[in-house]
Amino acid sequence: MATSKKNIREFGKIFHYLKDPELRKKEIGDALLTIEGAEISGESFQYVDWNHILFKNCDFVGAYQIKIGNSTDVRYEDCRFSGIFGYGKTNRVHFLRCAWTDGSIGYAGEKSTVLVFESCRFVGTNPDRNHWGGVGSDGEAEFIGCTAKYFVIEGHAKLTLRQCEFEDMKCTPRSKESGGVFADVLIEGCKLRGDFSMVPADFQSLTIRDTLIEGTFNMTSATVNGDILMERVTAGVILGYVKKAKSLTVRDSKITGNGMDVFEAFAGGIRTIAIEGTIFGVGSIRGGNGTDGVTIAGGFSLKDPTRTSNVSQSILIRDSKIPQLQSQHLNTKNLVLRKVEIGEADFTNTRAEVLELDDVSFTKSVNMSGAQIKEFKQSGMTDLKRLGRSLKLEGSNIKLPR
């Protein structure tokens, strides 16, 4: 990154204070240290502590020369970063209107808290992930109103994204990077374009609220100790085939699909699933594309029916529209569909203690071959007999009311 700014070595006492925090404390105590219009390059700052500092319109250039020990009450305004930087263990560190060049890396260490990136830019040019830059923290990180493309962002102990616009990004919170802390992840009021990948990842919880996903949100094989909540989300594709989660809730959302995929979840790894007030698929319910499948399935091995995963407690789908529901090989205590409009549904080899269909409209076909249900209930406007030959019950123990 070309720069015409004065090098930090030419800043006299300020330079020496950055190199020697004890000298600074002795001479000026805790007074705010302001550095403006400096190029910080060609000089090593290794494991020094930076406290109560304001950098304004500075250019940071280099690789590994800046590796701070502890950063407390440090603010960067309108600064640019080109290279590889370590911000140390941070507390109350704020980046405002800063920019990181293509492929640059900047991370804070474990147990970092109150690390904020506001109105910052992380924009790469190469779609090859091997050349992406990365910004964030092995501790906590919050991104507010930021713009990014072809970058990795992290907050391995806690991650918050608010009012951000991201395109083709990777975000993989992992407890092994945070010293064993599992992150709560919040995505609120954001626009996510292209592919947003959380593969691989393990974290405590995920909340996505009031967010537009113009592409694919992928958390395949993630391990989630707590809950996943998607609320008021408009999305293209959600790949939610997580290994484990306490609950998955999708509420008041619209997931359109891409003509091939729409939504998927591994019921065998999630204790409770609730889909409420959500519209799936690109076509109408009666004329939906046959590939627009919503998959909420799993619990039994496809190769060996005797192999089971954990039995899910409940699956609820309510006040929703689904062109095609794939729910084969479920193993759940309670499967409840209430006020749902479905084009076609496949419950092949599903097992449930209770299957309840209340005001459910199936407009094309239902396959319940091999399904084993201890208690079957249909009520309201539900009438599977109306389907005639479009209803398959071979090998099932379901007895329809006369």
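**Ground rules.** Before placing any residue, I note that helices (H or I, at least four residues) and strands (E, at least two) are DSSP runs, numbered from the N terminus. I am reading a predicted model, where local features need pLDDT of at least 70, side-chain atom pairs count only at pLDDT 80 or more, and totals for chains, interfaces and linings use all residues. Residues are numbered from 1 along each chain as its sequence is written, and side-chain values use heavy atoms, with hydrogens and water left out.

**Entry: Ser-178.** I looked up Ser-178 and found it in the loop between strand 17 (165-170) and strand 18 (184-188). Is Ser-178 buried or exposed? Its relative accessibility is 4%, so Ser-178 counts as buried; buried means under 20% relative accessible area, exposed over 50%, and partly exposed in between (1.4 Å probe, protein chains only). I then checked its polar contacts (pairs of N or O atoms within 3.5 Å; within protein, one must be able to donate a hydrogen and the other to accept it, and residues adjacent in sequence count only if both atoms are side-chain atoms). The Ser-178 side chain reaches the backbone oxygen of Val-181 at 2.5 Å. Leaving aside residues up to four places away in sequence, Ser-178 touches Glu-110, Asp-138, His-156 and Ala-157, where contact means heavy atoms within 4.5 Å.

**Entry: aromatic pairs.** How many aromatic pairs does a search of the whole structure find? I noted 27. Rings of Phe, Tyr and Trp (its six-membered ring) pair if their centres lie within 6.5 Å; planes under 30 degrees apart count as stacked, over 60 as edge-to-face and the rest as tilted. Phe-55 and Tyr-76 are stacked, because their ring centres are 5.0 Å apart and their planes lie at 10°. Phe-55 is in strand 5 (residues 50-56) and Tyr-76 in strand 7 (residues 70-77), so this pair ties together parts that are 21 residues apart in sequence. Both Phe-55 and Tyr-76 are buried. I also looked at Phe-122 and Phe-151, with ring centres 6.0 Å apart and planes at 50°, so this pair is tilted. It links distant parts of the chain, with Phe-122 in strand 12 (residues 121-123) and Phe-151 in strand 15 (residues 147-155), 29 residues apart. Phe-122 and Phe-151 are both buried.

**Entry: the core.** A nonpolar core is a set of buried Ala, Val, Leu, Ile, Met, Phe, Trp, Tyr and Cys residues joined through side-chain atoms within 4.5 Å. The largest one here has 108 residues, and Phe-55, Tyr-76 and Phe-143 are among those that touch the most other members. Strand 32 (residues 351-367) gives this core its largest share, six residues.

**Entry: strand 14.** In a regular strand the side chains alternate between the two faces of the sheet. Strand 14 (residues 140-144) has Ala-141 and Phe-143 on its covered face, with Glu-140, Glu-142 and Ile-144 on the uncovered one. Two strands pair if DSSP finds at least two bridges between them. Strand 11 (residues 113-118) runs parallel to strand 14, joined by three bridges, and Phe-117 stands opposite Phe-143. Strand 16 (residues 158-162) also pairs with strand 14 in the parallel sense, over five bridges, with Ala-141 opposite Leu-159.

**Entry: strand 32.** Which way do strand 31 (residues 331-346) and strand 32 run? They run parallel, joined by 13 bridges, and Glu-344 has Ser-365 as its bridge partner.
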